[in-house]
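Visitor: I have a new structure open on my screen. Could you show me how to read it, step by step?

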Amino acid sequence: MRIKSILVAVALLSLSFSASADLTPWEDYEVSDAVWSVTTVRVESNMGDAYLEGIANTWVPGNIIAEELGQIESWSIFRSDLPNSGDFNLLLIVKFANTADLAPNKARYDAFMKKFGEERNNETTEYAQKNYPAMRELTGQYLLREITLK
């Protein structure tokens, strides 16, 4: 009977510890205004360099222009050293200053298209539609914020 009472007390005590362990945003940690758009990509075997060549002519120029216009803060590409493990082997990452920069905005779109150009837009769309389906599969899309613990 005494062991049963001790087990009940331990169980109740552990519940109180777990309840008090919850963190409070802005009190225990900060959440960034910046948001990262992360796309996970599964590039087919032996297509890694061909896919990189493709995005060097499609995805990258668009990000360079968006960065020059102040529409994004930065962009990155990460490739796994172990290309045949897991659900993805490439990450395409774009950092935005805040969520508002993700919202549709005609003025930003017009400024981007003026600099990117309608012809280039048509060429990159055609290339992507023709070539990318055989090279890769998009396996996920995420919006992430940085957490800084206090």
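This is a predicted model: local features need pLDDT of at least 70, side-chain atom pairs count only at pLDDT 80 or more; totals for chains, interfaces and linings use all residues.

## Reading pockets, helices and rings

Visitor: How much space lies in the largest pocket?

Guide: The largest pocket has about 810 Å³ of space. Of its 31 lining residues, Trp-59, Gly-62, Asn-63, Val-94 and Phe-112 are the closest to the centre. Among the elements that give two or more residues to this lining are strand E2 (35-43), strand E4 (90-96), helix H5 (118-135) and strand E5 (136-144). The lining of the largest pocket divides into 17 nonpolar, 11 polar and 3 charged residues.

Visitor: Now the helices, please. How should I describe two that pack together?

Guide: Two packed helices are described by the angle between their axes and the distance between the axes. Here, helix H2 (residues 48-57) and helix H3 (residues 59-68) have axes that come within 3 Å and cross at roughly 35°.

Visitor: Which residues of H2 and H3 meet?

Guide: From H2 come Ile-55, Ala-56 and Asn-57, and they meet Trp-59, Val-60 and Pro-61 of H3. By class, this contact of H2 with H3 has 5 nonpolar residues, 1 polar and no charged.

Visitor: Which residues in H3 are buried?

Guide: Val-60, Pro-61, Gly-62, Asn-63, Ile-65 and Ala-66 are buried in H3. Their cover includes H2, strand E3 (74-79), E4, H4 and H5. After H3 comes Gly-70, with a positive phi near 80°.

Visitor: How does position along a helix tell me where side chains point?

Guide: An α-helix has 3.6 residues a turn, so residues three or four places apart point the same way. For a case, take Phe-112 and Phe-116: they are 4 residues apart in helix H4 (residues 106-116), which separates them by about one helical turn.

Visitor: And how do I read a pair of rings?

Guide: Look at the distance between ring centres and the angle between planes; centres within 6.5 Å make a pair, and planes under 30 degrees apart count as stacked. By this rule there are 4 aromatic pairs. Phe-112 and Phe-116 have ring centres 5.1 Å apart and planes at 20°, so this pair is stacked.

Visitor: Are Phe-112 and Phe-116 buried or exposed?

Guide: Buried means under 20% relative accessible area. Phe-112 has 17% relative accessibility, so this residue counts as buried, and Phe-116, at 6%, is buried too.

Visitor: What kind of aromatic pair do Tyr-127 and Tyr-132 form?

Guide: Theirs is edge-to-face, with 5.7 Å from centre to centre and 85° between the planes. Tyr-127 is partly exposed at 30%, whereas Tyr-132 is buried at 5%. Together with Tyr-51, these two tyrosines form one aromatic cluster.

Visitor: Which residues does Thr-124 touch?

Guide: Leaving aside residues up to four places away in sequence, Thr-124 touches Asn-57, Thr-58 and Phe-116. Thr-124 lies in helix H5 and is buried, with a relative accessible area of 10%.

Definitions and conventions
Residues are numbered from 1 along each chain as its sequence is written. Side-chain values use heavy atoms; hydrogens and water are left out. Rings of Phe, Tyr and Trp (its six-membered ring) pair if their centres lie within 6.5 Å; planes under 30 degrees apart count as stacked, over 60 as edge-to-face and the rest as tilted. Buried means under 20% relative accessible area, exposed over 50%, partly exposed in between (1.4 Å probe, protein chains only). Axes are lines fitted to C-alpha atoms, for helices over the stretch in contact, and angles run from 0 to 180 degrees between N-to-C directions. Contact means heavy atoms within 4.5 Å. Ala, Val, Leu, Ile, Met, Phe, Trp, Tyr, Cys and Pro count as nonpolar, Asp, Glu, Lys and Arg as charged, and the others, Gly among them, as polar. On a 1 Å grid over the protein atoms alone, a cavity is a set of points where a 1.4 Å probe fits but cannot get out, and a pocket is an open set with protein on both sides within 12 Å along at least five of seven lines; lining residues have an atom within 4 Å of a point. Grid points are joined across faces, edges and corners, and a volume is the space filled by probe spheres set on the points.
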